[in-house]
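Subject: Structure for your files

Hello,

The structure is pasted below, followed by notes on what was found in it. Please keep the two together.

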Amino acid sequence: MIEHLPALMIAVPLFGAFIAPIFKKHYKGVSIWAIIITGITVILSLLLAKEVVTGGIMIYVFGADKPTLVLPSGYSVPIRIMFEVDAMGAFMAISATLMSFVGALYSYSHVEKETGLEKYYSLLMLLEVGILGMVLTGDLFNLFVFLEIAGIAGSALVGFRNYRGEASEAGIKYLIVSAVASLMVLFAIGILYGQYGNLNLAYIARNISLNLVDMIALGLLFTSFAMKCGAVPMHYWVPDAYTEVPAGINPPLLVATYASLYALFRVSFTLFANIVVDLARVGWIMSILGVLTMFIGVTMALVQKDVKRLMSYHAISQTGYMLLGVGVGLTVLHDPSKLAEFGRDAMAGGVFHIINHIIYKSLLLMTAGALFYVTGTRNLNEMGGLARKMPVTTISFMVGAAAISGLPPFNGFASKLLIYETSYRLNPLLTVFAMVTSVLTLASFVKVFASAFLGPPLEKFENTKEVPRPMIIAMIILAALCIIFGLFPNIVLDKLVYPAVDALINFAQYHSWGGLA
Amino acid sequence: MTTTIIRTTTKILVPLILVFGSYIILHGHLTPGGGFQGGAVFASGLALLIVANNKEKVKELFNKVPLSQLESIGALGFLGIGALGFMGYTFLKNVIANSGFLFGAPTPKGINPGYLNTGGTLSYLNIFVGTKVLAGLTSIVLIFFLILRRERDEW
């Protein structure tokens, strides 16, 4: 059964998503169903990661006689849709399944008073399918299809609280951004298909020549994925979407954003890896985009009064670190000495920051959701003195805030240190911006902590209590992960992050379908 | 907006459109079209039924039709047919072709008029996709129709 894992990763949540509408009004039942299904996918993704890290790239050809039959009966080009799972894909799959599970657990209490929950959980699992498909596939058109699934499920979830005008607006905005991005992706795929007559990622990557049309395709793919991962200057949709979405969906929506980041890496490291001359330029663009993203994001976060909106701007800012880390690696990809010296570690920092950021930003957004659940407002000026009433939320918030500001011994410190040290080797100016951003991040979270949790207890919050248990469990899981990843970064780095980075660097391995052809 | 002209035309056209939609779905593996296209044609016939009637009639007509269940059945059927391939092959492997099952007759070689009883898994997938698409599109049209009519009544 192990060889069917890549297909099961899609089939199981899809099955869950289509069973969910049958529950109709049994909201308790459908919540538990979603928790069970997302829990199963967590186990499957861990098995998949174990398999991939020990056994190398895993190929799954749909509709073939056996899963590894890339070139059937005398064909010299692949003709079937295939999944190609390397360590990077498995790493993203773990993030996606874990966050969907935590999101489903948190939603159990967080949205219990809303209506239409069978659709909510159905969409949650469809969003998971979209992300998993994007990170596991080895086929360009398949990537587009799953990008669409994730985009449509995501925008429906952003607009879930449709009795609020702002939520509908944010949903439409997210829908338009996704539609524009995926149409540009489709156009780029059309360009590549027209020239090379195939849609297989590895096949196109082996034959690519970077003529003018290919450059247009690269530009379109780069722009659209940067747009969907919320890099400055295309970041405008992020604050609206993250603010209005129910807090239980924030974790999977964050991963959906980083699935686009993964696609950006896949395009630059795999699809266009053979282009020696121009790849350094793409790397520089990525690094500078990263610096701009982190700095502009954090400066806009400083002035916010809405707690979730503030955290959403920080999400933009943290994306910059990942772009910077991996961009530094991409700059020196074809320079073996520099790559070994600092490129590989820079990429490890960037990739490690993806999972760290997903964990602590989900934690923070979930504490913001808990504040909203208890107080009914997101305005920081109206809150105060909640630390006594909500001790677990307060501690979770402190862990998350320390992690995002890069304080030891939390997980943000581990990945940020790697990025500082390595980007310094490329250009010290990059590091200066990264560190200033970190300081400003701490400043704005001190503000949130002081105005929401500290201060005298307010009369109107006299009767508030701690949030229900499922929400607490979800927050504690993530807070514990923050601390574990911060205390033992070497274990995570060796088991997950460095294999993922090596999978990106050894693009020749991916191009040959893991040595099958 | 129902008039005698629309109602009369609908009476004649709807059966034809529904039959044509089913034809496209069933012949998906032989002729251009398939599950999605046939389902869309079928749903357009149902949409014609919706616009030709007034709100009460539509509610009465569609109250008993399990549209969202049909959608789930379509999707689950697709998944189930795909999962048949887990029996020794891969997901979505065409295990029914040449097995003698319904739609599983061997395809004769050479020029032929097209035999309906071939295609294996493909025909089943077309039917399930068609079910899902016709249910999904019809419920979208239905929701838009009910919302619009309600707003007009409130004015």
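**Notes on the model**

Leu210(A) is partly exposed, because 16 other C-beta atoms lie within 10 Å of its own; a residue counts as buried with 20 or more such atoms, as exposed with 12 or fewer, and as partly exposed in between, with C-beta atoms placed from the backbone. This is a predicted model, in which local features need pLDDT of at least 70 and side-chain atom pairs count only at pLDDT 80 or more, while totals for chains, interfaces and linings use all residues. Residues are numbered from 1 along each chain as its sequence is written, and chains are lettered from A and ligands numbered from 1 in the order in which they are written.

**Backbone exceptions**

Most residues other than glycine have a negative phi, and most peptide bonds are trans. Leu210(A), not a glycine, has a positive phi of about 50°. Leu210(A) sits in the loop between helix 7 (201–207) and helix 8 of chain A; helices (H or I, at least four residues) and strands (E, at least two) are DSSP runs, numbered from the N terminus. Trp513(A) also has a positive phi, near 50°, and is found in the segment after helix 19 (507–511) of chain A. Trp513(A) counts as buried because it has 22 C-beta neighbours inside 10 Å.

Val232(A) and Pro233(A) are joined by a cis peptide bond with omega about 0°, and Pro233(A) lies in the loop between helix 8 and helix 9 of chain A. The bond from Pro408(A) to Pro409(A) is cis too, with omega near 5°. Pro409(A) belongs to the loop between helix 14 (391–404) and helix 15 (411–426) of chain A.

**Around Ala231(A)**

Ala231(A) is in the loop between helix 8 (212–228) and helix 9 (237–244) of chain A. Ala231(A) is buried because 29 other C-beta atoms lie within 10 Å. Its contacts (C-beta atoms, placed from the backbone, within 7 Å), leaving aside neighbours within four places in sequence, include Leu289(A), Thr319(A) and Leu323(A). The C-alpha atoms of Ala231(A) and Leu289(A) are 7.1 Å apart, although 58 residues separate them along the chain.

Helix 12 (residues 307–331) of chain A has 25 residues and should span 36 Å at 1.5 Å a residue; its end C-alpha atoms are 37 Å apart, which agrees. That expected span is 1.5 Å times one less than the number of residues. In helix 12 of chain A, 25 of 25 residues are buried.

**Chain A overall**

Chain A has 19 helices and 2 strands. Strand 1 and strand 2 (residues 82–85) of chain A pair in the antiparallel sense over 4 bridges, where pairing requires at least two DSSP bridges. Of the 517 residues of chain A, 61% count as buried.

The largest nonpolar core has 235 residues, and Ala259(A) and Cys482(A) have the most contacts inside it. Such a core is a set of buried Ala, Val, Leu, Ile, Met, Phe, Trp, Tyr and Cys residues joined through C-beta atoms within 7 Å. Helix 13 (residues 336–375) of chain A gives the most to this core, with 19 residues. Leaving aside neighbours within four places in sequence, Cys482(A) is in contact with residues including Ile359(A), Tyr360(A) and Leu363(A).

**The interface**

Chain B has 14 residues in contact with 16 residues of chain A.

Regards

How values were computed
Contact = placed C-beta atoms within 7 Å.
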